[in-house]
Amino acid sequence: MHSPISERMGFVALMILQIILFVLFAVFVRYGKAALPAEVPGLFLQHVSKYPHFQDVHVMIFVGFGFLMTFLKKYGYSATGYTLFMSALIIQWTILVKGFFHMYDGKIELSLEHIIHSDISAAVPLISMGVLLGRTTPIQLLFMALFEIILFAVNEYVTLEILSICDVGGSITVHAFGAYFGLAVSFMLRPKKEENEPGQYEGPTYTSDLFAMIGTLFLWIYWPSFNSVLADGTAQERAILNTYLSLAGATVTAFVLSTMMSHEKKLDMVHVQNSTLAGGVAVGTVCNLMIGGHGAILIGILAGSLSVMGYRYITPAMAAKLRLHDTCGVHNLHGMPGVIAGLSSIVYAYLATKEDYKYDLGAIFPAMANQPKNLTSNHIIGGYERSARAQAGFQLFGLFMTIIIAIVGGLIIGSVLRCTCFRKLQKEEQHQDELYWEVPEQKSE
Amino acid sequence: MHSPISERMGFVALMILQIILFVLFAVFVRYGKAALPAEVPGLFLQHVSKYPHFQDVHVMIFVGFGFLMTFLKKYGYSATGYTLFMSALIIQWTILVKGFFHMYDGKIELSLEHIIHSDISAAVPLISMGVLLGRTTPIQLLFMALFEIILFAVNEYVTLEILSICDVGGSITVHAFGAYFGLAVSFMLRPKKEENEPGQYEGPTYTSDLFAMIGTLFLWIYWPSFNSVLADGTAQERAILNTYLSLAGATVTAFVLSTMMSHEKKLDMVHVQNSTLAGGVAVGTVCNLMIGGHGAILIGILAGSLSVMGYRYITPAMAAKLRLHDTCGVHNLHGMPGVIAGLSSIVYAYLATKEDYKYDLGAIFPAMANQPKNLTSNHIIGGYERSARAQAGFQLFGLFMTIIIAIVGGLIIGSVLRCTCFRKLQKEEQHQDELYWEVPEQKSE
Amino acid sequence: MHSPISERMGFVALMILQIILFVLFAVFVRYGKAALPAEVPGLFLQHVSKYPHFQDVHVMIFVGFGFLMTFLKKYGYSATGYTLFMSALIIQWTILVKGFFHMYDGKIELSLEHIIHSDISAAVPLISMGVLLGRTTPIQLLFMALFEIILFAVNEYVTLEILSICDVGGSITVHAFGAYFGLAVSFMLRPKKEENEPGQYEGPTYTSDLFAMIGTLFLWIYWPSFNSVLADGTAQERAILNTYLSLAGATVTAFVLSTMMSHEKKLDMVHVQNSTLAGGVAVGTVCNLMIGGHGAILIGILAGSLSVMGYRYITPAMAAKLRLHDTCGVHNLHGMPGVIAGLSSIVYAYLATKEDYKYDLGAIFPAMANQPKNLTSNHIIGGYERSARAQAGFQLFGLFMTIIIAIVGGLIIGSVLRCTCFRKLQKEEQHQDELYWEVPEQKSE
């Protein structure tokens, strides 16, 4: 690898970090109750029942995100490889970072819950990676991811546990956060004016587009599990049904609009691979609420429409006018649909009543309940018995704050990534594996 | 897209239909009990336990069927894309169509059960699409699917709830129905005599055949879930075990016969991709019965043999003599194996006794039970305590009726698809994506 | 197929074997209790809860192993096809072979447990196939597999039930056994000195490497299910968490070391596809023990390091000096990591106390318990209340014995495969599908 010494040092630093992670686990982590031998055999039902959900999410992170990003003609090794590399590091890192918010006697008590949260959190830098795809080195990506997770964990703690907003599918805290953070980093890494045209390898082949469909389809299939994995009981059932319907509505809409709005008035694989998924993001925050099947379908239709329009008009405009590049169109799949999710949650929180939600009110909106059933935090602003109108206001504030923190954080990290200690890719080195990968001489036969 | 105005209108109509679906959901659909907040937290075990099964079926529909049909060299976008498009529309449509047969107070009560049934139903037009693959426009396909689902739902209601036949894996009502319906449509769309030779793109590449193996393997793996998702208790365990063994038997048989019967006396990917799965279809109707592991293996051997022979002799003969084309050889994977399933069910129904089936008799053959445990319908012909011999007769009648309805329905829909209001593909436009998709200039490198 | 008569006879023999399997099932197999109709509906919870775990393992065997081996440029049909063919035969065979060790009234009582064990056992010849990939005929492979399973079943019975060693994830009995057996067979089939250079097709294309990543990622994702499927209660939770962490540690390590040790000091797909998985093997034997998250990470780091070094130095040296070829580098993914697993189990068994393990002691180390909770065998050497030190000794002996039996067995089977009754591949026929498969004329476009 024709790289400066700093590049090699970056990989050495990652190895040292891996060893530090081992030490931190030894000091701070012990098994939680569900993983500790008992005097008698336990029923153990609650935990086991979330394991299949976890595995669905696990497939989304490693196969879904990995293959979705293989659409570039010469960047398939990096798409699947960096997804695996980054996520393997981040899932360990997240157990510690998020664990520090919930320690018992100075220890993190490891359980299935932690690895569910780790996998969900790994989606955050993967979403940001989608914005930057092909325009950073792996060292830049991993450095970004480590800091992004810290900021994400702080923002999530504040929004969910202090502001006590609802966001069961993470559309605000995961999707919008990851998207706007990545866009802000991308803005800081924007090319010079004379290098603003698309890269020579910045497009698909017939085969690379089919590999990307593997990612799309597994994300599409398992999205109901992503949105419902943190819900319980009847709220989990609603989260499954609503996500399923929203995805279906977004998909039909994306296909139809693609034939009407794309350049040649034909189906465009970019829309099929991405806008079909916008329904899963847009319903994420409210999927466990009483939105009805029709509410889910409506949100899906809106998300699918906005996403196709974003790919057709907004992404090219941002690239042309702001030199703000977004390789995978993350703004159209995670950014705007995440905002739709946040706005929907304002409406539905405003409409929430004790009569409609019964037992679930305390589980979904702890601050609105007299005595929340799932005690999530003692730090909720204003304590309990918040009004529906106030809850709606908090939802708005949480959405707004998340986007601001993501943008400010992204601008800061982006400016660090430009500093001299990082190798940066030249225009002609972008969107191809060869700089960091041993690639067979003949690409295929 | 160089298409007549009617083509554009077709896509607009689909968008309007999506909006109508939203309205119909608003009017007719509400959450069922399992998705409604309760006064107290429920145990909720029954529903949760079917969710992993559902997700397996979900993978089969979207990844399994989608990738199985990518084997054509230039039709991969359409195979995966139309599978996603059509199924996203059909799963919403099916909730309404099938829901109208089981309303409470004029409402469809949405639950996990509905989306399980929707996914299973989506297989019906996907099977028919396999017959027609590459020879219709997407508008023709979707129009066909909407009407096919209505006919399917009526036939299923009559066979399962009025005739009270057993068909837990849907081999009669889903597989045979979809196959013979598709064949009848294909017959109506048969080419002129002078255009009867295979299309220039009607074959695989090395890469497209490997993509198709993704579909085959996920279908193969999850078929036990497809056949057992509607079974319960010990019948579900039998359905899993029998399907597993039948698939294994069919696979070994298909591989061996392929080396003996194919043109070059070598393994033929068509057999490997399809005939290996015939065991899953052929055991579907009886997989929850007391057929024994050996019964399952025998059915698998028969299905694998017949399927390979069908690909080698029957499909080419139908194309040559009747101009009846069957792009994926659906007749050999879903048609004939569906008939084997129906015939097997006659034998095993005839042999069923209260001593062998105990509690399960009422669950599997409601009409044979004194008082069925799972009350499925009040409209069963002749009421309860039907004899085994009579049940066998009903199984025969149900199989026969399903095939007749499928063929007649297919002939009618096929003749509608030939009418002037639909754009039809010219010979040279078939089996390629370019007419409806934006395709990268160089297919691959 | 330009094959001698014996080749054709081999396929006929497989068909006859399939029919014999049907007969043996009819004679010896009946449904176990969980699949037999009951007088009243049962709760059935225990069995249902393992079905999602089973399906994860099922994906690993058929998609994971199948696609992992598609990395060769012209051997993708064989990799996916023979995986399916061989496993379909072996899963039936294993039910009988392993069933004979646990019969009731002369019958094997079929249950979900059997098909879980069958799938796990199918991994054994698949691992050996990885060593030999591209250098045997399918007939040689299947013959080897049938005998390997018998030897495997005997060794497993002795190690687990008579010696009573722990090996919940099968790293000793499955991974190390399959690897050293395959290496011994490969040694017997070593090429002549003048043909020892790599074959002309023994390398990947860009596309074939991406197909292989499908296999890698599904194996990576579902490995926690593989290691935990035979565990219960809190031990299952530990098995999940430890495997997850060990894989993460191995992955980060493999990526970093790959950039430092590979030929061009770039990431090497061979390491990414394989060494990332070494953490799953290396933790398999002890994943249900009290090793702590840090213990799991440490084992992962060691396994990832050793695996990359093995690919870089050991595999080429074995090929050059011993003419011992290992196409997939199985020694680095299953062999050495399996030994790490065995050695780890010696350490942790030595440290095991009743205070730490409470109820789980009898489940994990039956011989150490006063009265084991899960009665696995009456034949445990020395009966119960074995000391921790003695248990450590037995772990060492079990590991040692397994490797010896695998090597001796592999040498014997390997010498049989060289005999005149088997067609053998010429140098130029290796690593390509064409001899046994109908391949499209143009490989791709």
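Contact here means heavy atoms within 4.5 Å of one another. With that cut-off, residues 24 or more positions apart account for 80% of the contacts in chain A that have a separation of 6 or more.

The model is predicted, so that local features need pLDDT of at least 70 and side-chain atom pairs count only at pLDDT 80 or more, whereas totals for chains, interfaces and linings use all residues. Residues are numbered from 1 along each chain as its sequence is written, chains are lettered from A and ligands numbered from 1 in the order in which they are written, and side-chain values use heavy atoms, with hydrogens and water left out.

**Chain A as a whole**

Chain A has 15 helices and two strands, where helices (H or I, at least four residues) and strands (E, at least two) are DSSP runs numbered from the N terminus. Its C-alpha atoms fill a box of roughly 65 × 55 × 40 Å along the principal axes. The radius of gyration, taken over C-alpha atoms, is compared with a globule rule of 2.2 Å times the number of residues to the power 0.38; for 445 residues a compact globule would have a value near 22 Å, and chain A, with 22 Å, agrees with this.

Of the 445 residues of chain A, 70% count as buried, a class that means under 20% relative accessible area, with exposed meaning over 50% and partly exposed lying in between (1.4 Å probe, protein chains only). Chain A exposes about 14100 Å², of which carbon and sulfur atoms supply 64%; the areas come from the Shrake-Rupley method with a 1.4 Å probe. Chain A carries 28 positive and 32 negative side chains, and the centres of the two sets lie 7 Å apart. In this count Lys and Arg are positive and Asp and Glu negative, while His and the chain ends are not counted, and each charge is placed at NZ of Lys, CZ of Arg, CG of Asp or CD of Glu.

**Relations between the copies**

Copies are superposed by least squares on the C-alpha atoms of residues with pLDDT of at least 70 in both. Chain C can be laid on chain B with an RMSD of 0.0 Å by a turn of 120 degrees and a shift of 0.0 Å along the axis; the two copies are thus related as by a three-fold rotation axis. Of the residues of chain C, C:Pro52 comes closest to that axis, its C-alpha being at 3.7 Å. Only 13% of the interface residues of chain C are also interface residues in chain B, so these copies meet through different surfaces.

Chain A is laid on chain C by a turn of 120 degrees and a shift of 0.0 Å along the axis, with an RMSD of 0.0 Å. The C-alpha nearest the axis in chain A is that of A:Pro52, 3.7 Å from it.

**Individual residues**

C:Met86 lies in helix α3 (residues 76-99) of chain C and counts as buried, at 1% relative accessibility. Leaving aside neighbours within four places in sequence, the contacts of C:Met86 include C:Pro125, C:Leu126 and C:Met129.
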